[in-house]
There are 2 protein chains.
Amino acid sequence: MTSSSTDDKYKQRMQRKKEHIDKKIAEANEERGIIILITGNGKGKSTSGFGTVLRCVGHGLKAGVAQFIKGKWDCGERNILEKLGVDFHVMGTGFTWDTQNKELDTQAAQEVWQETRKMLSNPELTLVLLDELTYIARYGYIDTDEIIEALNNRPKMQSVIITGRGCPQPLTDIADTISEIKDVRHAYNSGVKAQKGIDW
Amino acid sequence: MTSSSTDDKYKQRMQRKKEHIDKKIAEANEERGIIILITGNGKGKSTSGFGTVLRCVGHGLKAGVAQFIKGKWDCGERNILEKLGVDFHVMGTGFTWDTQNKELDTQAAQEVWQETRKMLSNPELTLVLLDELTYIARYGYIDTDEIIEALNNRPKMQSVIITGRGCPQPLTDIADTISEIKDVRHAYNSGVKAQKGIDW
């Protein structure tokens with residue numbers, strides 16, 4: 001095959017791809033905020049949520065974060081995002097397997113949830129990240145129906161990202177976008193120590 | 001069941017969980033940088049990479065980014081990360097289906113790759129994000145063996161994140177952690193327009 005026919009083939013392939021993409025862009029014309037669920041056992045759920053918050057504030061838009069479960073560790077993301085004006089609410093009791101106290105965990109979750117409700121009714125926020133909300137719903141710290149009601153009543157243009165494993169089905173049902181992160185391989189299981197700046 | 005027996009059960013479950021987690025933490029004691037591959041068709045690959053960069057610089061550590069394929073769009077992540085001192089290299093020609101010119105695409109990829117090589121030999125960088133590198137390898141813009149060699153020779157404590165679909169097998173083989181993001185559902189396919197601050 002001559003070099004110019006290879007080039008032509010490349011050009012034709014990219015032209016077809018462009019037509020396909022342009023068609024899909026033209027078809028997607030409904031303007032509204034969406035609910036994104038990032039679930040599954042693989043690494044990357046919270047970082048994907050925080051990456052989208054970064055993207056959002058990088059465009060000069062406003063975002064809020066509610067961080068359930070985690071919270072006692074020094075949080076790299078929070079150090080920067082709070083300075084950039086991101087509204088940050090953290091459960092702060094640490095992992096449930098550290099506290100081992102259901103009453104305390106429920107109370108801490110409820111406190112963050114009350115702040116979350118305010119964010120979910122604030123039209124100035126383009127994006128609200130509910131990091132590890134799924135566990136809170138699954139363990140019954142907050143009623144799933146109450147979460148769904150707050151989500152359904154949020155401002156029309158507000159998007160919400162929910163992260164965590166094992167999302168209850170009714171909450172899964174109302175998500176517009178669902179990404180399931182499969183754990184194909186994890187360095188941790190080969191004996192590599194979790195690292196600051198990478199794993200937390 | 002009485003409330004106190006429920007509490008006991010909760011406490012026992014969390015104690016068992018803690019024992020399991022503590023054991024795994026004790027076993028994972030090798031200290032070195034890792035290669036993380038974030039692949040699959042679902043939404044969240046690049047944002048997960050950028051979220052980890054944010055985490056890293058949030059701890060006061062240094063990171064670098066090479067962004068292949070994308071680059072002409074206003075990039076929310078870049079607006080913030082460059083100001084935070086992140087080393088940023090962008091292909092800048094835009095999508096390959098827009099340029100439709102293999103020679104131009106290859107040249108642009110090679111230019112970013114030369115900068116990438118420098119980052120992959122800089123021990124000051126805790127993390128290097130190679131956003132959408134998989135396409136560059138797959139389309140043959142850069143030789144996969146050359147990429148693997150540069151990765152294998154990087155500083156011991158440096159971690160690398162590679163994002164993109166369809167990663168060539170030899171590059172997949174050297175990854176320590178692999179997350180595959182499955183596209184369970186996507187708002188775009190229900191006609192919702194891509195949004196600034198969420199999708200780009």
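Analyst: Helices (H or I, at least four residues) and strands (E, at least two) are DSSP runs, numbered from the N terminus. By that rule, chain A has eight helices and six strands. This is a predicted model, in which local features need pLDDT of at least 70, side-chain atom pairs count only at pLDDT 80 or more, and totals for chains, interfaces and linings use all residues. Residues are numbered from 1 along each chain as its sequence is written, chains are lettered from A and ligands numbered from 1 in the order in which they are written, and side-chain values use heavy atoms, with hydrogens and water left out.

User: Why is Q195(B) called buried?

Analyst: Buried means under 20% relative accessible area, exposed over 50%, and partly exposed in between (1.4 Å probe, protein chains only). The relative accessibility of Q195(B) is 11%, and therefore Q195(B) counts as buried. Its place is in the segment after β6 (177-185) of chain B.

User: What makes R32(A) a residue that Q195(B) touches?

Analyst: Contact means heavy atoms within 4.5 Å. The side chain of Q195(B) reaches the backbone oxygen of R32(A) at 2.9 Å. Leaving aside residues up to four places away in sequence, Q195(B) also touches others, including M157(A) and W200(B).

User: How do you know that E77(A) and R55(B) meet in a salt bridge?

Analyst: A salt bridge requires a side-chain nitrogen of Lys or Arg within 4 Å of a carboxyl oxygen of Asp or Glu. For the side chains of E77(A) and R55(B), the N to O value is 2.7 Å, so the pair meets in a salt bridge. The count between chain A and chain B is six salt bridges. On the side of chain A that touches chain B, at least two residues come from each of several elements, among them α1 (3-27), α5 (102-119) and β6 (177-185). The element that gives the most to this side is α1(A), with 11 residues.

User: What makes β6(A) and β6(B) a pair of strands?

Analyst: Two strands pair if DSSP finds at least two bridges between them. Seven bridges join β6(A) to β6(B), so these strands pair, and they run antiparallel. In one of these bridges, R185(A) has I178(B) as its partner.

User: How many residues are in contact between the two chains, and what area is buried between them?

Analyst: In chain A, 82 residues are in contact with 82 residues of chain B. Buried area is the accessible area (1.4 Å probe) that two parts lose on being put together, summed over both. Between chain A and chain B this area is about 7,300 Å², of which carbon and sulfur atoms give 58%.

Technical notes. A polar contact is a pair of N or O atoms within 3.5 Å; within protein, one must be able to donate a hydrogen and the other to accept it, and residues adjacent in sequence count only if both atoms are side-chain atoms.
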